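Here are my notes on the structure you sent over. Please read them with the coordinates open.

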Amino acid sequence: MSITMVPPAAAPPSPVTDRTAVGEHLDLPLFRSLAGSLAGHPYLKVVVDRAEDTWHLLDTALHPFHVDYIATRVLGMAPAELDACLDAFNASVYMAPDRRFLLGVLSLHTGQDTEGRRPFLVLETTEADTMDGPLLEEFYAFVRQRLDGRLPLLLKPANHGQEHALASISDVRVPRILSHELFGHRTRTPLNPGEAAGRLRHFRTTEEYAAAAGTLGGSDILAMPCLPDDVPRVAGFINTATTTPLSHTNVLAAGWGIPNAIVRDLDRLIGAESLDGGWVRYRVTEDDISLVPLAPAAVPTEPAALARPRQRIRLSTPLLDDIAARPLHRLRLADQNRYGTKAAHLGELHHVLNARTADLTAFHGQPRPPRPDLYRHLAARLGTTHPAPPGELRAAAADFVADTVSAPDGIALPFGLQHRFVRSSPALCEGISRLKAALDGGDPEALEPLCLRLQQLIRTTALPDEVAHHILRALPTGPAAGRRLVVRSSANAEDLPGFSAAGVYTSVTSVHGADQLLDAVREVWASLLSPRSVRLRHQAGIPLDDTYMGVIVQPYLPADLGGVLVTCNPTKRADFRNVCLNCSPGSPEAVVDGTALPLQYLYNTVEGGGRTVALGSSGRDLPAATRERLADLALAGRLLQSHFSAPDVDRPLDIEWLMTDQGAFHLVQIRPYAR
């Protein structure tokens with residue numbers, strides 16, 4: 001029996017019969033006959049023709065795009081003619097103040113009131129639509145007059161600009177609902193697409209999970225309210241409480257290519273079928289989440305038969321001859337074999353911002369059929385002309401990014417220091433040899449005690465004088481002496497395509513003085529040999545001999561706001577417009593470690609505009625001026641993608657950032673984000 005986690009779509013119309021309605025009064029039967037399904041909700045596309053004083057209710061099976069319908073069915077254009085002027089045509093229907101057509105979507109939802117559960121409709125425009133307040137009110141009134149009076153209708157602003165435009169209009173004349181109010185508490189939300197067959201392991205508390213954690217394997221599908229950051233590699237994740245697409249565990253799910261979703265009513269759904277502990281097929285798409293019990297004949301006799309094969313991540317040869325600490329701004333990408341990936345990325349960021357010679361327009365230069373490129377849209381975002389003289393758009397992009405974000409100051413400590421420290425201790429060398437033997441011999445029982453013993457040795461073994469001297473050179477001098485420092489990992493086995501190691505290694509965020517600095521560096525080194533990090537690298541095919549840890553020492557920067565952005569829409573991978581941004585007051589650690597539910601935003605980096613997806617733990621949105629600043633940050637992240645993801649400029653980035661009390665954005669980490 002299949003347990004479907006979202007409402008089924010309405011039955012599709014016949015592929016040969018167009019049921020598009022023109023000028024009809026809309027009731028629920030007509031709505032359902034025309035509707036498609038989006039994120040589990042029936043929906044219907046609407047075109048209002050102001051010149052003809054009528055509306056068109058589109059058969060979604062035959063007319064998936066508003067503009068195609070208007071151009072070919074209303075205006076009589078040929079498809080090739082539309083393709084040749086698509087951007088100009090879009091501007092005429094989505095942005096022109098004197099537009100003839102008003103375009104939107106009606107979706108059907110169910111709410112609870114004093115009379116019980118009842119259906120209601122939500123009207124919204126597309127995210128790039130620039131309707132002002134009067135046009136939005138006209139659109140709402142037109143639809144309301146032609147709708148069954150028993151059905152409540154709410155207008156949902158599609159972006160922050162529309163929210164602002166509606167602020168002066170009475171919500172009695174135009175009843176409304178915001179996106180986070182409609183979707184922020186929905187029961188089921190896809191986070192990472194994928195499919196897996198495995199054994200469902202459902203834990204209702206962290207204590208239940210801790211008691212059984214040692215029995216989890218690669219064939220298990222793990223379900224619990226809040227997945228821990230040190231979760232082992234399994235076949236799939238199910239969150240039974242709210243989380244975000246940018247959580248550490250979803251970054252891991254994306255990197256491992258496993259399905260992940262929020263299913264808040266899992267208890268009710270699996271109870272009737274007694275699925276807990278049973279074998280299921282788990283599937284997550286952009287619009288659907290399903291658990292299907294496996295037939296007895298399909299359950300493997302050997303659980304390992306369904307375990308995901310190990311990845312093979314290849315590392316370049318680490319260079320251990322150099323033990324000199326270097327300022328971050330002197331590093332480039334090529335230095336990752338000496339100072340680690342994180343440090344090299346930050347050094348490259350310094351170069352990009354200071355030199356302003358990198359091409360940051362390559363993402364927008366990619367063909368997005370039928371468009372040959374997105375340069376026209378980028379020019380509009382940057383306030384330049386199109387077409388522009390050679391080099392002008394590139395220069396404008398470089399200036400915009402340099403004016404929007406900055407790279408952190410700091411010192412990078414090379415692999416060579418860790419290598420000399422380890423070689424100075426016979427006990428450490430012997431322990432590492434025993435750990436390699438346990439990995440080669442497949443002895444999982446021996447791995448954890450060996451790792452824990454090695455970590456303790458690293459924390460307590462005295463540093464050779466030469467090594468300590470080079471570390472202490474990272475301490476600030478002069479007026480900056482005594483400042484609080486942050487000490488962070490920079491391994492060669494992190495921030496890689498296919499192996500992000502999000503949350504795997506240690507950062508020490510409050511360090512003062514020489515003794516604390518030496519202890520913090522050893523703590524970061526020790527995290528390279530934690531049981532979890534050793535297991536994850538071994539599963540990825542990364543040899544222990546090839547793995548080294550560099551360290552970054554940075555001045556602590558107090559932040560008013562901090563968070564993470566990924567230069568894609570994690571739940572809709574084909575969406576080339578939007579980037580996802582999460583943030584919370586204070587440092588970004590509250591977002592990445594899951595201690596607070598962040599505010600969530602989507603920002604359109606093509607046509608512009610943004611929308612609030614969820615308010616998180618704060619319960620209220622940021623001021624409009626701050627949201628506009630975040631739109632600049634989102635575009636800067638998209639532009640940096642052109643450089644840091646080359647040659648595959650469509651590969652998204654995962655960027656950790658903070659905003660100081662002066663409103664300046666500092667990027668503290670840049671790494672690939674798994675697609």
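Predicted model: local features only at pLDDT ≥ 70, side-chain atom pairs only at ≥ 80, totals over all residues.

The points below go through strands first, then helices.

1. Strand β26. This strand covers residues 653–659, and seven of its seven residues are buried. In a regular strand, side chains alternate between the two faces of the sheet. Here both faces are covered. One side carries Leu-653, Ile-655, Trp-657 and Met-659, all buried. The other carries Asp-654, Glu-656 and Leu-658, also buried.

2. Partners of β26. Strand β22 (residues 561–566) runs antiparallel to β26 and is joined to it by six bridges. Within that pairing, Val-564 has Glu-656 as its bridge partner. Strand β27 (residues 665–672) also pairs with β26 in the antiparallel sense, over seven bridges. There, Leu-653 stands opposite Pro-672.

3. The β26–β27 hairpin. Five residues lie between the two strands. Gly-663 takes a positive phi in this hairpin, near 85 degrees.

4. The five-stranded sheet. Its order is β16-β18-β21-β19-β20. The sheet is open, and the pairing is antiparallel. Which strands stand at the edges? They are β16 (326–327) and β20 (508–511). Each has a single partner strand, so one side of each is left without a neighbour in the sheet. For β20, two bridges join it to β19 (residues 485–491). Leu-485 stands opposite Val-511 in that pair. Helix α16 (residues 415–423) packs on the sheet and touches β18 (411–413), β19 and β21 (549–555). The direction of α16 makes about 120 degrees with that of β21.

5. Helices α17 and α18. These span residues 426–440 and 444–460. Their axes are 10 Å apart and the packing angle is about 160 degrees. An angle over 145 counts as roughly antiparallel, so α17 is roughly antiparallel to α18. The crossing is left-handed. On the α17 side, the contact includes Leu-428, Ile-432, Leu-435 and Leu-439. On the α18 side, it includes Leu-447, Leu-450, Leu-454 and Ile-458. By class, the contact has 13 nonpolar, one polar and one charged residues.

6. Helices α15 and α23. The axes of α15 (residues 392–404) and α23 (residues 624–644) come within 9 Å. They cross at roughly 125 degrees, which makes α15 oblique to α23. This crossing is left-handed. From α15, Ala-397, Phe-400, Val-401 and Thr-404 take part. They meet Asp-632, Leu-633, Leu-635, Ala-636, Leu-639 and Leu-640 in α23.

7. Helix α9. Is this helix buried or exposed? Nine of its nine residues (248–256) are buried, so α9 is largely enclosed by the rest of the structure. Among the buried residues are His-248, Asn-250 and Trp-256. Gly-257 follows α9, with a positive phi near 70 degrees.

8. Thr-243 lies between β12 (236–239) and α9. Its relative accessible area is 17%. Buried means under 20%, so Thr-243 is buried. Which residues does Thr-243 contact, leaving aside neighbours within four places in sequence? They are Leu-191, Ile-262, Leu-597 and Gln-600.

Key
Residues numbered from 1 in each chain as written. Heavy atoms only, no water. Buried < 20%, exposed > 50% of the residue type's maximum accessible area, 1.4 Å probe, protein only. Helix = DSSP H or I, 4+ residues; strand = E, 2+ residues; numbered from the N terminus. Pairing = 2+ DSSP bridges. Contact = heavy atoms within 4.5 Å. Axes fitted to C-alpha atoms, helices over the stretch in contact; angles between N-to-C directions. Parallel < 35°, antiparallel > 145°, perpendicular 65-115°, else oblique. Left-handed = near helix turned anticlockwise from the far one by under 90°. Nonpolar A, V, L, I, M, F, W, Y, C, P; charged D, E, K, R; others polar.
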